[in-house]
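Take a look at the model below.

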Amino acid sequence: MSYTHTSRPDRGPDRSAPDRAALAEVGPGVHAWVQPDGSWWINNAGAVITDDGIVLVDTCATAVRTRRFLDAVRAVGGEAPIRFAVNTHLHGDHTYGNALLPDSTAVVGHFATRDGILADTLLTATPPVWEPMPQWEITEHRAPSVVLRDSLTLHVGERAVELHHPGFSAHTPGDVVAWVPDATVLFSGDLLFHGVTPLVFMGSVEGALKSLEWLAGFRPTAVVPGHGPTFPGSALPRVLEDHARYYRFVLDTARKGRTDGLSPLEAAKRCDLGEFANWPDAERIVLNLHRAYAEADDRDVDLTEAFADTLTYNGGPLPTHV
């Protein structure tokens with residue numbers, strides 16, 4: 001049996017409308033900003049709120065979504081200043097909203113995330129990959145001014161927020177998780193996509209697989225993934241295993257495709273997505289295979305070719321609601 005994806009099903013015009021986002025308390029003073037349906041450019045973020053100040057975890061892709069997030073945080077946090085904003089990685093759905101933060105807020109991230117944001121061209125020269133074209137209403141980048149390589153702890157009042165890098169490239173070279181130890185809440189960034197097809201074309205398939213064992217060491221009571229619904233810590237082993245099966249599937253598909261002389265697009269068209277076929281953004285198999293092929297050949301991914309192949313596989317532009 002083979003599965004060839006030709007077009008995304010219509011999820012309806014309001015499945016990812018900004019007003020469907022909500023701020024939910026997942027631990028004492030720890031809040032998750034969850035934006036359905038977690039597809040392209042529609043991320044999760046969060047906030048750790050104290051009387052002495054607030055630590056944000058990521059922002060959003062557009063001005064509309066970021067302002068809605070900040071308004072929700074202020075409704076809970078009152079006059080407490082936003083002292084820090086953590087970027088879990090470089091991608092614009094988690095970072096473009098940095099530009100709307102108060103000047104007094106210190107933006108924190110991995111040094112590779114800072115470099116990646118400063119090199120980003122999508123914000124000002126968005127290629128015709130998504131439809132409708134994202135309306136950022138943001139015109140400039142704001143990169144982290146405080147950077148880490150391994151770990152860093154932020155203190156606001158009596159609360160600590162620990163930032164940790166796995167030590168290798170996974171979703172991106174600069175992935176950082178935010179761990180709130182007194183609430184045992186883990187913000188995983190895009191190391192986890194809950195019920196959404198993972199994306200590793202700017203990182204490493206092998207590294208993403210390796211990161212799962214690292215994530216298991218946190219023992220959280222609640223997890224806020226980069227995309228998709230939050231979940232209790234008791235579900236983390238199952239979520240990690242779901243990711244592991246997908247990454248092994250990508251690696252196996254790449255190995256077979258390279259053995260048979262197929263391109264990443266040809267390998268994607270030939271493979272049976274099976275249990276992963278109904279995950280949103282299934283077309284990411286093409287981008288992930290491009291990464292797996294590049295890793296096997298010890299070379300960089302040609303992003304122009306990778307996205308062109310993805311559009312071919314998808315039967316047209318990738319739908320967005322941003």
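S9 and S10 form a hairpin with two residues between them. Gly-157 sits in that turn and has a positive phi of about 60°. Strands here are DSSP runs of E with at least two residues, helices are runs of H or I with at least four, and both are numbered from the N terminus. Two strands pair if DSSP finds at least two bridges between them. S9 and S10 (residues 159–164) are antiparallel and joined by six bridges. Within this pair, Thr-153 has Glu-162 of S10 as its bridge partner.

This is a predicted model, in which local features need pLDDT of at least 70, side-chain atom pairs count only at pLDDT 80 or more, and totals for chains, interfaces and linings use all residues. Residues are numbered from 1 along each chain as its sequence is written, and side-chain values use heavy atoms, with hydrogens and water left out.

Val-180 has Val-185 as its bridge partner in S12. Contact means heavy atoms within 4.5 Å. Axes are lines fitted to C-alpha atoms, for helices over the stretch in contact, and angles run from 0 to 180 degrees between N-to-C directions.

Now turn to the other sheet. Seven strands form an open sheet with mixed pairing, in the order S1-S2-S3-S4-S5-S6-S8. S1 (22–27) and S8 (146–148) stand at its edges with a single partner strand each, so one side of each is left without a neighbour in the sheet. From one strand to the next, the twist averages 20°. A hairpin occurs here too: S1 and S2 have two residues between them, and Gly-29 in the turn has a positive phi of about 70°. S1 and S2 pair in the antiparallel sense over five bridges, with Glu-25 opposite His-31 in S2. S2 (residues 30–34) also pairs with S3 (residues 45–50), antiparallel, over four bridges. There, Trp-33 stands opposite Ala-45. Helix H1 (residues 63–77) packs on the sheet and touches S1, S2, S3, S4 (53–57) and S5 (82–86). Its direction makes about 25° with that of S3. Helix H3 lies across S6 (106–110) and S8, at about 105° to S6.

One loop deserves a stop. Arg-142 lies in the loop between S7 (130–131) and S8. Which residues does Arg-142 contact, leaving aside its neighbours within four places in sequence? They are Asn-98, Ala-99, Leu-101, Pro-102, Asp-103, Thr-105, Val-107 and Ile-117. Val-107 is 35 residues away along the chain, yet the two C-alpha atoms are separated by 8.2 Å.

On a 1 Å grid over the protein atoms alone, a cavity is a set of points where a 1.4 Å probe fits but cannot get out; a pocket is an open set with protein on both sides within 12 Å along at least five of seven lines; lining residues have an atom within 4 Å of a point. Grid points are joined across faces, edges and corners, and a volume is the space filled by probe spheres set on the points.

The whole structure has one cavity of 30 Å³ or more. The largest cavity holds about 40 Å³. Residues lining it include Ala-45, Phe-187 and Val-224. S12 and S13 each supply at least two lining residues.

The largest pocket holds about 620 Å³. It is lined by 29 residues, and Leu-122, Trp-130, Phe-201, Met-202 and Phe-307 lie nearest its centre. H2 (92–95), H3 (111–119), S12 and H8 (303–314) each give two or more residues to the lining. H8 gives the largest share, five residues.
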